[in-house]
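Dear colleague,

I am handing over the structure below, followed by a short account of what was found in it. Please read the notes alongside the coordinates.

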Amino acid sequence: MMTEISLNILDITENSTRAGAKVVHITVEADEEKDLLVVIIEDDGCGMSKEQLASVKDPFFTTRTTRKVGLGVPFFREAALQANGKFEIESEVGVGTKVTAEFQLSNIDRMPLGDINGTVHQLVIYHPETDFVYKYIFNGNSFTMDTREFREILGDVPLNNPEVSEYIKEYLSENKFKTDNGKKF
Amino acid sequence: MKSLEELKAIRDKMQGQVGLRAESEAGTRVVVGMATCGIASGARPVLTALADAVAQKQVPDCAVTQTGCIGLCQYEPIVEVIQPGKEKVTYIKMTPEKALEVVDKHLLRGQVITEYTIGNALK
């Protein structure tokens with residue numbers, strides 16, 4: 001198992017980049033009144049066939065050849081279900097894949113969200129071919145980071161340039177704080 | 001608050017510099033396994049420690065990247081050091097502390113830390 005939901009998000013989104021996604025939308029929404037944490041990862045990658053989709057929750061199914069098990073989706077699903085949540089995965093070949101995980105926010109068995117900024121930063125820096133649209137919502141307040149917007153300004157300067165990387169790190173932490181006032185959950 | 005103006009300033013500063021994208025094939029590549037197996041066993045802090053140390057200590061001509069499953073899940077987190085003309089070195093069961101040692105000894109001084117390599121574990 002992973003120790004943080006943000007590590008599950010990192011893992012699942014790695015699949016999106018490997019599926020050749022051009023743009024990945026990551027949404028994290030926490031609402032204390034609804035007692036709900038929702039994570040949505042949606043990509044425009046190669047998608048999966050009905051057969052693949054049916055077996056993706058099975059730990060002993062994987063598309064890789066380096067090993068015989070694929071635990072990414074089962075881990076994420078288990079994390080949601082153990083926190084009185086829901087898990088859904090939709091996919092269409094040539095269109096993309098959408099993974100939705102819901103958690104009961106106050107559930108004792110819900111893993112902490114963890115270092116979500118670290119996850120988003122790492123995804124952006126190490127996947128220069130992919131764009132990310134990250135939306136973070138807390139009790140109705142929200143902010144969105146869109147790497148396409150950054151790229152438009154940056155022109156030839158890559159997102160993994162050390163100064164840009166530092167900028168993105170600070171951008172994420174300032175905006176997250178502004179949105180949730182530093183609330184840990 | 002971080003403004004987009006600030007990003008423009010970074011661009012203006014960087015654009016004058018030559019060899020911006022130069023991650024030359026000739027340099028050192030440090031690769032961290034970042035599949036489910038790696039992530040679950042702590043690859044993220046290892047990657048962060050490596051990237052920060054390489055930048056901070058200004059290791060010359062060195063790129064830190066990540067990859068998928070290397071197929072040796074039981075030995076994760078795995079770090080591979082690939083240098084032209086040399087045999088690839090595979091470090092296993094890495095931690096941020098061991099990663100910093102790799103930066104100091106291997107990347108900066110050219111000494112392979114045999115103790116942490118897969119070759120050593122398989123002996």
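The accessible surface of chain A comes to about 8,600 Å² (Shrake-Rupley method, 1.4 Å probe), and 49% of that surface belongs to carbon and sulfur atoms. Please note that this is a predicted model, in which local features need pLDDT of at least 70 and side-chain atom pairs count only at pLDDT 80 or more, whereas totals for chains, interfaces and linings use all residues. Residues are numbered from 1 along each chain as its sequence is written, chains are lettered from A and ligands numbered from 1 in the order in which they are written, and side-chain values use heavy atoms, with hydrogens and water left out.

Of the 185 residues in chain A, 52% are buried, meaning under 20% relative accessible area with a 1.4 Å probe and protein chains only. Chain A has six helices and six strands, taken as DSSP runs (H or I, at least four residues; E, at least two) and numbered from the N terminus, and they follow the order α-β-β-α-α-β-β-α-β-β-α-α along the sequence.

Leaving aside neighbours within four places in sequence, Arg110(A) has contacts (heavy atoms within 4.5 Å) with residues including Ile5(A), Leu37(A), Phe103(A) and Phe185(A).

Definitions and conventions
Buried < 20%, exposed > 50% of the residue type's maximum accessible area, 1.4 Å probe, protein only.
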